[in-house]
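Biologist: Could you take me through how to read helix packing and burial in a model such as this one?

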Amino acid sequence: MEEQLVRLLAETQSSQEGLRKHAELQLKDLHTNAAFPQALVSVAAHDSVSLAVRQSALLYLKTFVLAAWSPQFDEFESQVLVSDDSKQQLRRSVLEIATGSQGERKLKSAASLVVSKIASSDFPDEWPDLLPTLLAVISNGTDLQLHGALKVLGDLVEDGFNEEQFFKVARDLVRTVFDVAVNDTRKPTLRALAISVFRACFDTLEMVMEDHKAAVKGFAQETIGGWVPLFITTLKTKLPPTPSEDDEGVEAGVPEYYRGMVALKLQVVKLLVRIRSLFPSTLASQMPALFAATWEELSSLQEPYHQLYINDDRQGRLEDADGLPYTLDFLVLEELDFMQACLRLPLVRQQLQQQLQAANGVTSNTWITEVMKLAVAYAQITTEEEGLWDIDVNVFLSEEVQVTSNYTPRTACGDLLIKLGEWLNTTIVETLLAYTRTLYSEDTSWKAKEAALYLLNQLLSDFQDVERSIGPDSAQGYVEFIQYAVSQKDIFLRARGFLVAGSLTRTSGDTLLPIATSFMENTLNALSNDESEVVKVSCIRALQYYLAAMPKTTTLPMQPSIISALANFLSTLDVSDITDSDDLMIAIVETLRDALLLDPRICLTGGGLNLLFTIASHGSNNFQLVMLITETFEEIASTLSASGPESYEQLCANVLPSLTGAFDIGTLTEENALTNLAAELLSVLASNGSTPLPPSFIPTTMPKLQRLLLGSQDEELLRAATSAVQQMLRHDPAKMFAWQDPAGKGGLEVILIIIDRLLSPNVDDNAAAEVGGLAAELVEKAGSEQLGPYLMQLLQAVAARLATATKAPFIQSLILVFARLSLVSPSDVVDFLAQVQLGNESGLQVVMSKWLENSATFAGYEEIRQNVSALANIYNLNHPHLAQLFIKGDLIVPASHRIMTRSRARQNPDQYTIVPAPLKIIKVLIEELLTASGGQALDAAAAAAELENNGSDEEGGWEDEPGGWLDLGTGKTKEGRHLCPQESRRRNLHPQSLIPGALSLTTLQELMAWAEDEGEGDAPRGRDDATQEFLLQFFRDAAAKAEFAEVFNVLTLEEQEKLRRMS
């Protein structure tokens, strides 16, 4: 079998797809052969086989282990295919490959992965001697054996131990790797690997710390102290001379030692950062010494760093086969980050502050100046960046707007100065200005001058974010350097000058307004005439700063020139450049948006909208760009619509040909991003429409929308087109119903056909997400006189589709049809649904189950408010039908401490209590009461206790909090639509029954208009005073009734406490 496996494994690496897939299928068929796993091990252990095939054998063995070794693996395929005897032999053989005295490091790494997977299932019960064997090899083995054993141990720490197993072996494990880390006779790379294993232990400690805080902190305090001398000694150890480019890959001598020492220092700094994030007080007293050692090393590394990356173009960001980074740029980056972290420590700040006080306010020769020198040295553009940015301006722009994940020493220096600016405020700006004067007065390189301005730009961006201004003297002091920079031949220095000029104007208040106009004119001139694309792109970015900072009276006369300059620049780009340059297109649209919104009336006569649509036609596949274009068009449409129907009609005349023309480009069977965008923009245009709409609006758009809605399968297109029809119906029902398609069908009939298609099971939930709003709008506008018998059929169809709906937006859309009706006629809604039979269940059971189980996922202020009011009305009915309904209640949490993997979750699906519908309504409203208050209101005592527990580690004085990352979830989203929180005006509603058990159309029409008086926005939901007050009053009224005591008693203790706190 071994020969067959060698052939098959080699064929899996073939470039011929057919041969490769056939080999993969044959290997899959061999899984049931009892000899298969051992044969793979034999291939991996055979020296005569190529390394690639041997590695492949171990990778296939890992896949086999996951599929056929133990049911605990998520990838397990239902049957164990390895006997206990074979398992024992395989464990021994694979461990021998991983920790043997021969073999390639890549092969050992692959073997260690297999060992860790087996160990996660078998250790310690079926493999009790694994850890003692590894620790013995680590203590006494050769370098090659040590390397393999450390790799296996590292994989075990990351994936193989549970918390109980880890604590049993933690002390022996840490002691063993410590002995390797401090052993100068071992290779630095092995010492670095040992430290990496120790660092991985902190991931396990972090996971268990919440449940075992005292034990974890005790272990950390006991362990970490002994490592501190190693940290300081390693940081103070000087690196050997940098190897030449020809020698840097040599696996022996000085080059190997150099790479090993860089890797060792890197792992020390990474470990310090990890300790600092979890146990700040543990190293508090040692931090000044560690900070000083780091600063000293960064100072000494400036020359080799410049030699490698600023003057030369040596390869950076490299890792070895074990994943250990070993290039100098990585080390500098980690040390800059650690230095920034140290500056947040009060003990370090105290010493630095004392030095400043001793200088009596003179900063020219203080540590701040030294920091500036350090920051400017490492913030200079590397030769690699210079080449990349010159070739691809999009890369330059992504770095400039900080949307790249490429964190470099340059960006780290910017962060370092921002952190110092938060502490020392204007002192940092003044010191940077003084050092910039020195640089510009000497014969220094353009890269150093550009770096000084780059750091200023980073400071100014932070000032803008926190709404701070730079002092007038400092702002004036930089003018001469800006004027110098924009006149230089070096393109990146020139580009930086334009960027800083705009940023400085924005953050200096009125200081630079007298010269800002000339700055802006120079920027426009460079955008049109400069030879460098990098400079032009920088000018596009800088224009945004001027438009935001300067008075409208100054910028409005330049509006046509800005739009023209942007159009001319876009015309110089190839179509392929436009398609591939996402960040550049976003910058252009952002600047165009700011220019158009100076006075949107230019869209009625100028070419601004044409430019916007041109960019849209080339960038419709970019989600962020599409969102930006949509939001820009929405602002234009809303502004022009508010100025009067004449402006809106003229806007429609300008844009409808382009939008409807895009509908003809796509086909009904293929997704077309431009068609989707056109539908979205048409929906925006209609939602901001006048009442009535312009005469040509519906005849121009409805034939196109009808074709799309009855033929397309594209989800996004169907949603946008449905929304457009709803908005047209809302603004002008008379013209909509009067319109006829070419076949003679009236508008009402066409809309009913569209709704029928969208409610059919053949249309996906996501595609039909807007149909509920269209159905509700149709019921309101048409009334019983026009709908006749179709009314009940329509509502029954909505209930039937709700039974099979699974996606939250679609469920909400359908439920709100009944929720809005329940605001004015809840009894009619309940009676009607009770009469409807959907399969084996009543319509009431179907609708109320979906309604109550999905209320927590509702989005939108007004939608949530209507939902809450409707549920309160239904509860107050005390309807006998509702009391007989039983709904999912609370999640039953299993009493198990085992980690819930995907396979266990499939075997043990979630279970819920079953409660009466009225009780479930109360539970939903309690949760909504807390949400409407704007957040989770904590009990004061519990909050104080939590603060005390979390603050116990702050004795070390760490000012920052762990996990201080930007939460993207708090940003604005299109889906998080909301209405302004003031309470909607009340209406005098008079229910009138149409027929027994039917719904009041008079009240329905009033009801549907309730939401129209409020505007929509894009901010996430926050505090909603109107909903909160409504719910508070509801619960006050309910509590006054004797029967509510019985309901209160069956609530959970947590729910009871919520009500008490909010009362």
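Predicted model: local features only at pLDDT ≥ 70, side-chain atom pairs only at ≥ 80, totals over all residues.

Biologist: How many helices and strands does the protein have?

Modeller: Helices (H or I, at least four residues) and strands (E, at least two) are DSSP runs, numbered from the N terminus. The protein has 54 helices and six strands. Of its 1063 residues, 54% count as buried, where buried means under 20% relative accessible area, exposed over 50% and partly exposed in between, with a 1.4 Å probe and protein chains only. Contact means heavy atoms within 4.5 Å, and among contacts between residues at least 6 apart in sequence, 75% join residues at least 24 apart.

Biologist: What describes two packed helices?

Modeller: Two packed helices are described by the angle between their axes and by the distance between those axes. The axes are lines fitted to C-alpha atoms, for helices over the stretch in contact, and angles run from 0 to 180 degrees between N-to-C directions. For helix α9 (residues 163-181) and helix α10 (residues 188-208), the axes come within 10 Å and cross at roughly 155°. The two helices α9 and α10 are therefore roughly antiparallel to each other, given that angles under 35 degrees count as roughly parallel, over 145 as roughly antiparallel, 65 to 115 as roughly perpendicular and the rest as oblique.

Biologist: Is the crossing of α9 and α10 left-handed or right-handed, and which residues meet there?

Modeller: A crossing is left-handed if the near helix is turned anticlockwise from the far one by less than a right angle, and right-handed if clockwise; α9 passes α10 in a left-handed crossing. The residues that meet include Phe 166, Phe 167 and Val 177 in α9 and Ala 194, Phe 198 and Cys 201 in α10. By class, the contact of α9 with α10 divides into 15 nonpolar, one polar and two charged residues, with Ala, Val, Leu, Ile, Met, Phe, Trp, Tyr, Cys and Pro counted as nonpolar, Asp, Glu, Lys and Arg as charged, and the others, Gly among them, as polar.

Biologist: How do α31 and α33 cross?

Modeller: The axes of helix α31 (residues 582-596) and helix α33 (residues 608-619) come within 11 Å, crossing at roughly 160°, and that makes α31 roughly antiparallel to α33. Their crossing is left-handed. The contact is made by Met 585, Ile 588, Val 589, Leu 592 and Leu 596 of α31 together with Gly 608, Leu 611, Leu 612 and Ile 615 of α33, and by class it has eight nonpolar, one polar and no charged residues.

Biologist: Where is Ala 872 found, and what does Ala 872 contact?

Modeller: Ala 872 is found in helix α46 (residues 861-876) and is buried, with a relative accessible area of 1%. Leaving aside neighbours within four places in sequence, Ala 872 is in contact with Leu 925, Phe 1030 and Phe 1034. Ala 872 and Phe 1034 are 162 residues apart in sequence and 7.4 Å apart in space, C-alpha to C-alpha.

Biologist: Is Leu 919 buried or exposed?

Modeller: Leu 919, which lies in helix α49 (residues 917-932), counts as buried at 13% relative accessibility. Not counting residues up to four places away in sequence, Leu 919 touches Val 1047, Val 1050 and Leu 1051.

Terms used
Residues numbered from 1 in each chain as written. Heavy atoms only, no water.
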